[in-house]
Amino acid sequence: MNNFQFTDIQTIAAVLAVVVCFVVAKRLTFSRLISDKKIQHLVFGSAASLFVLWMFRAGIYDGLSVHFLWLSALPLVLGFRWAIFSASLALIGVTIAGQEHINMLGVNFLLGVLGPIALTYGVYSLTFYKLPRHTFVYIFLCAFIPGALSIGLKMLSLSGYYYLDDIYSWYTVKDNYLILTSLMLFPEAMFNGMTITLLIIYRPEWVYTFYDKLYLDEQ
């Protein structure tokens, strides 16, 4: 892939990514980010952690690489909008570091950041209003299950993109990328589930979506 030549799909994805980021940024209170040390540490600490995590990846073909996402725990800790902001910083970082192509920035944002975070926050919202508010429901249905679903969503959607944009043949994508999906589901689920479990035990005040009175006091 040429770093400076955008395909039609990449151009559309870049425009959509800019629009989404603009809408999200308008709803963020950046003055709070400047004045609140806790928010600073969580947002930038999460971005730094994601950057390091995303730098470690494995793959044979350019772009067809796999790595942990950690994007199901992130919106539970930061909330939807700050999670988008923090993950976007990490994505920009790995792109600058050369692990991703600049012309893939829009695609990677939509399929690798927005999709997994929106899926997780949607599952959380659904369980919050429709299911009993129990600690195990929160851990299993809001972190563990979305962890597996989010990486599955990313790998499936990126597989479709690489094929539709005629970057790789379907056989190349299937045999060198999509086939690894089943191997990533459980580790990703465990990674996110264990992160949230440890946080609500030792640092529940760091988890934006966890409420002691709802998940603990009523049990």
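Which residues in helix 1 are buried? Here are some close-ups of a predicted model, where local features need pLDDT of at least 70, side-chain atom pairs count only at pLDDT 80 or more, and totals for chains, interfaces and linings use all residues. Residues are numbered from 1 along each chain as its sequence is written, and side-chain values use heavy atoms, with hydrogens and water left out.

View 1. Gln 10, Ala 13, Ala 17 and Val 24 are the buried ones (under 20% relative accessible area, 1.4 Å probe, protein chains only; exposed is over 50%, partly exposed in between). They cover an arc of only 60 degrees around the axis, so they sit on the same side of helix 1 (the arc is taken from the directions from the helix axis to the C-beta atoms). Helix 5 (80-96), helix 6 (105-130) and helix 7 (135-164) are what these buried residues pack against (contact means heavy atoms within 4.5 Å). Helices are DSSP runs of H or I, at least four residues, numbered from the N terminus.

**View 2. The other face of helix 1.** Turned away from the buried side are the exposed Asp 8, Ile 12, Val 18, Phe 22 and Lys 26.

**View 3. Helix 7 against helix 9 (residues 181-202).** These two pack at an angle of about 145 degrees, their axes 8 Å apart (axes are lines fitted to C-alpha atoms over the stretch in contact; angles run from 0 to 180 degrees between N-to-C directions). Among the contact residues are Gly 147 and Gly 152 of helix 7 and Gly 193 of helix 9.
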